[in-house]
Each structure stands twice: as C-alpha cells, then as structure tokens.
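Subject: Structure for you to look at

Hello,

Here is the structure I said I would pass on.

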Amino acid sequence: MDNVNATNRHRVMILGTGPAGLTAAIYAARANLHPYVVEGNEPGGQLMLTTEVENFPGFPDAIMGPQLMDNMRKQAERFGAQFARGWVTAVDLSKRPFQVTVNESEQHFADALIISTGASAKMLGIPGESESIGRGVSTCATCDGFFFRGKQVIVVGGGDSAMEEATFLTKFASQVTIVHRRHELRASKVMQERARNNPKIQWVLNATPVSVQSDGNRVTGLEVRDNETGQTRVIPADGVFVAIGHTPNTGFLKGQLELDDLGYIRTIGVTTATSVAGVFACGDVMDPHYRQAITAAGSGCKAAMDVERYLEGQAVHDWSASSAAR
Ligand code: NAP
C-alpha cells in the first residue's frame, strides 16, 4: 500500500454532499466513524439551485435550499465529520483498503465507501436559462409546481419525465405546454396517452428551444424555432420546466462496480449495499425514480447504518449469495 499516512487513511469516505451524503455524514459521525467527506463538483447538490423548499419535513414555513444544505453540513461538522474540497476522479475498488483519487492526484484510502455523487439534471444550454434557475426555470415539478398555481408553464422534453412532470403540473397551472424537438415522443404509450387526454396540456412539437425570455426578474416565455419553417416565436409562460433527462455522476465508477443500463449504481434489495462489499450507495446516484431530498436523506441514513454494521463485521447483505457478487 503506497503513500498511506495518518491524514489520508480513513475508516469511511463519503463522496458527494447533497442530502444523501450529508445525512450519511451526520449518522456516520455520530457513530464515531470520523467520516471524511469529499464535497464533489456541486457542493450541496441540486438543492443549491432551488429557492424555497416547502416539502422537507420540519420546516412549516419553508426553508431556502442552500440554507437547508448549510444546516445539514453544520450538523455533520458538529459531530466530527471532516469536509474536503475537490471531486473524485478515480477509484480502485479491487483492493482493500479502497483507493480513492481526488482532484486527479491526491490519494486516499478507506475501509468503506459511501457513494452519494447524485445525478445532474441535463440543461438545454440556451441563453437565459441558467440566469433564470429559481426564477421560473426549474428541473423539478414536484419541488416547484406549487409555485405556479393558476399560471402558464412550459415543459421541455418528449420522454416519460416530461409527460409525468406536465401531467403533475396540471394540478396547479392553468395551462401546460409541452415543447418537444421532434414529432415523435420518446415516452411510453401509457404516459403519452395520459398527457394527451389531459385537457390542460397543449403541444408544440418539432420545435427547438432557442432562448428563455425574462423581464430581468421572472421568466416571461420560451423562444422556440419551428424545425420545418425555421421561424421563431415566443410562447408566453411564467415557468419553464426542463425535463430532458438526468445524468448519474458515475463516470469514475465504470468497470469498478455494477451499474444499470442508464449508469445508476445497482443496490441490493432494501439495503444500500452495492456489488462490491464495503461500498454503499445512496441518493440520486442509485435512485432514478423518486429523486427527492427527503428520499435521498433517508437512503443516506441507511447507508451510514449499513457501513457501521459492515465495519463491525455484521452481515449487511450476503454477497456470496448474490448474483451481483464479485
Ligand atoms: P429520456 O427518456 O432520455 O428523454 C429525454 C427527452 O428529452 C427526449 O425526448 C429527448 O428528445 C429530449 N431532449 C434531450 N436533450 C434535449 C435537448 N438538448 N433539447 C431538447 N430536447 C432534448 O429521459 P427521461 O424522460 O428523464 O427518462 C429517463 C428514464 O427514466 C427513462 O427510462 C424513462 O422511461 C424513466 N422514467 C420513467 C418514469 C415512469 O415510469 N413513471 C418517469 C420518468 C422517467 P429526443 O426524443 O429527440 O431524443
């Protein structure tokens, strides 16, 4: 084992600091495991991009996303979690302790790993979009739909997420327009039908988003180009929901542990165990389905408890009996 010293040898490393990683850090720190937490590319995760969070239990008057993440971090620090800036560029899970490379050159070694690197919402990358995040541009209808009661919104995308978000948004919005770049939808038939049968949903197909329009404070519409005629026009709207998919942040794990077809980490049964004993995963990096701060936090708690059991030599999961065993 090369380059191991007291500062880079850890019992537990936690990779990523969204709600999953920070909750894992609180639990692991309180269990005296002295977790070493690597902040990742987007410290605080996706909630850093939102404004008010109204559905996280315990905050009846809502809390700002960045404030909630700051609170979680302070709570973990209070119990001794150690935070380090940087992102993980490589791991070697074939030997013990596991080797983790941070910022391409810094080596760390850990007996157990919790991977909570999240998933990043894909963005359109058009003018006006990034400036309006939290001011009318959103990537989460469940989180922000409530703010658009009686308003007009646009959902961009033609997959299941777009259909689901649009259908959900009709509970609040007066009108929902789905904008998709092709005539054909990618979404499953059942989700398409549900959206097509909803009288509040309008369709603008074969149209490419060009820019998000705003009055400098709030979104006022989406400029789109008709792919047939080449003509542009602005669809007025108070909100633009971008639902063009997510990318799990697992590039550094390829070939190291089992991922599903979309690149999300496979976990075993109801545990957070992965195909490699001693490596656990929680939050959006293993959950393409729920993607909520509270579900991520819940799975972070599970991951820390699973790690504690693993380090005590207790069974978390019988890897030898698993088809995913290595
Ligand atoms: P997806 O299936 O990859 O669909 C993404 C959509 O966004 C596609 O229609 C794509 O257009 C469009 N798109 C991508 N990049 C774009 C860009 N730069 N500009 C404009 N449009 C763009 O992603 P998803 O809908 O998030 O679904 C991901 C997975 O989760 C799927 O397997 C889905 O079935 C599953 N899912 C299931 C449920 C459910 O069953 N309840 C709900 C949500 C998601 P093109 O079609 O032209 O490529």
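Predicted model: local features only at pLDDT ≥ 70, side-chain atom pairs only at ≥ 80, totals over all residues.

Residues are numbered from 1 along each chain as its sequence is written, and side-chain values use heavy atoms, with hydrogens and water left out.

The ligand

There are 14 residues around the ligand, and Asp160, Ser161, Arg181, Arg182 and Arg186 come nearest. By type, the shell holds three nonpolar, six polar and five charged residues. Here Ala, Val, Leu, Ile, Met, Phe, Trp, Tyr, Cys and Pro count as nonpolar, Asp, Glu, Lys and Arg as charged, and the others, Gly among them, as polar. Helix α4 (residues 160–169) gives the largest share of the shell, three residues. Helices (H or I, at least four residues) and strands (E, at least two) are DSSP runs, numbered from the N terminus.

Which atoms of the protein lie close enough for a polar contact (a pair of N or O atoms within 3.5 Å)? In serine 161, a side-chain N or O atom is 2.5 Å from an oxygen atom of the ligand. Glycine 158 has a backbone N or O atom 3.1 Å from a ligand oxygen, and a polar backbone atom of glycine 159 is 3.4 Å from one. The protein covers 71% of the 900 Å² of accessible area (Shrake-Rupley method, 1.4 Å probe) that the ligand has on its own.

Helix pairs

Two packed helices are described by the angle between their axes and the distance between the axes. The axes are lines fitted to C-alpha atoms over the stretch in contact, and angles run from 0 to 180 degrees between N-to-C directions. The axes of α4 and helix α5 (residues 189–196) come within 9 Å and cross at roughly 30°. The two are therefore roughly parallel, a term for angles under 35 degrees.

Helix α1 (residues 19–30) packs against helix α2 (residues 65–78) at about 20°, with axes 8 Å apart. That makes α1 roughly parallel to α2.

Backbone details

The peptide bond from arginine 96 to proline 97 is cis, with omega near -10°. Proline 97 sits in the loop between β6 (88–92) and β7 (98–102). Asparagine 32, in the loop between α1 and β2 (36–38), has a positive phi of about 65° although it is not a glycine.

Regards

Notes
Near = heavy atom within 4 Å. Polar contact = N/O pair within 3.5 Å; in protein donor to acceptor, adjacent residues only side chain to side chain. Parallel < 35°, antiparallel > 145°, perpendicular 65-115°, else oblique.
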